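Visitor: I have a model open on my screen and would like a guided look at it. Could you take me through a few local details?

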Amino acid sequence: MLLKDTEFSDVKIVFTDDEEYFGILTPDGIEACALRMRFAFGWRVLSSFRDVVKQVDNMLKKQIDLDYPRGFTASVGTLDIAFFVTQNCTADRIELYLEQKRAALKEEIELWNRERLWDTNPVFSDELEAMNFAFDAESGALYTDGGVNSLKHLETPTSVDGIRVKKLAPYALAAYRELESLVISNSITEIPEFLCFGFIFLVSVKLSSNMECIPDGAFCKCKVLKTVLIPEGVKRIGRDAFYMDCSIQRLQLPSSVESVGGCALVGVRKVDYHGTASGYPWGASSVLAKVNY
């Protein structure tokens with residue numbers, strides 16, 4: 001265990017022997033502990049790091065007059081936590097801290113707004129749970145929690161607690177068997193095979209503009225599916241991707257499409273395509289536009 005002094009005599013930062021952050025030592029015990037335990041190094045653990053970060057964030061929202069973008073969470077470091085738990089801070093020092101923190105947060109928010117144009121549908125963890133999703137922050141993957149959800153219209157979250165949702169895991173939409181319309185948000189770059197296989201109520205789908213592949217069987221046997229918006233940038237459509245989607249009267253494929261798998265469009269009435277992929281009409285009844293070679 002290693003201890004590092006702060007500017008407050010009653011607060012020290014605790015590190016492990018590997019110099020990894022562990023917690024904040026106060027006269028009463030350890031606050032903001034990185035591990036969930038009741039005692040450590042002979043001291044009582046008073047709070048978890050996650051809980052204290054939430055409390056500090058809530059305190060900053062009340063004390064600093066800034067409008068947070070939805071999904072934004074203030075960055076909270078050891079200095080912020082030290083200010084939160086110390087009993088030896090003067091009013092002047094608190095005022096200076098809040099002034100400096102406000103300036104730093106203003107820059108963070110400006111950067112957030114510039115760089116997160118894709119973040120159109122951010123959610124928090126409690127909201128995600130109500131949607132019957134689970135989220136792996138490390139991989140950015142959205143999973144099903146195994147429940148059932150009767151929602152008819154779904155736009156996938158773009159971020160969870162500020163962390164980008166990058167892909168849908170296998171069976172991610174298993175809870176949504178009654179889904180009628182689906183928007184796969186632009187934060188998503190990857191969806192799994194057979195994502196909506198046999199979704200018999202699904203009528204419309206809008207795909208992410210950052211996807212390059214519609215994988216095998218992704219929308220296979222969606223018998224009432226009528227409208228599919230495939231954005232420019234999609235390069236590959238897998239086997240059976242829209243197999244037996246007989247309600248699609250006309251499907252427009254962007255010219256960016258380079259390959260289409262076997263039987264991908266069996267059941268689709270007409271295809272409008274100006275690209276160079278071979279094998280047309282890939283099972284569709286007819287092609288509206290001449291394919292360029």
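Guide: Here are some questions and answers on strands, a helix, a serine and the cysteines. This is a predicted model, in which local features need pLDDT of at least 70 and side-chain atom pairs count only at pLDDT 80 or more, while totals for chains, interfaces and linings use all residues. Residues are numbered from 1 along each chain as its sequence is written, and side-chain values use heavy atoms, with hydrogens and water left out.

Visitor: Which residue in β9 is the bridge partner of D136?

Guide: Helices (H or I, at least four residues) and strands (E, at least two) are DSSP runs, numbered from the N terminus, and two strands pair if DSSP finds at least two bridges between them. Strands β8 (residues 133-136) and β9 (residues 141-144) run antiparallel, joined by four bridges. They form a hairpin with four residues between them, and G140 in the turn has a positive phi of about 75 degrees. The partner of D136 in β9 is A141.

Visitor: And which residue in β13 is the bridge partner of A141?

Guide: Strand β9 is also joined to β13 (residues 167-168) by two bridges, and these two run parallel. In β13, A141 has as its partner K167.

Visitor: Which elements do the buried residues of α2 pack against?

Guide: Buried means under 20% relative accessible area, exposed over 50%, and partly exposed in between (1.4 Å probe, protein chains only). In helix α2 (residues 78-85), the buried residues are D80, I81, A82, F83 and V85. Taking contact as heavy atoms within 4.5 Å, they pack against β3 (21-26), β4 (29-31), α1 (49-63) and α3 (91-115).

Visitor: With which side chain does the side chain of S159 make a polar contact?

Guide: S159 sits in strand β11 (residues 159-160) and counts as buried because its relative accessibility is 0%. A polar contact is a pair of N or O atoms within 3.5 Å; within protein, one must be able to donate a hydrogen and the other to accept it, and residues adjacent in sequence count only if both atoms are side-chain atoms. Beyond its neighbours within four places in sequence, S159 is in contact with residues including R116, W118 and R164. Its side-chain polar partner, at 2.9 Å, is D119.

Visitor: How far from C246 is the nearest cysteine sulfur?

Guide: C246 is in no disulfide either, and the nearest cysteine sulfur belongs to C220. C246 counts as partly exposed, at 31% relative accessibility. The distance to the sulfur of C220 is 10 Å.

Technical notes
A disulfide is a pair of cysteine sulfur atoms within 2.5 Å.
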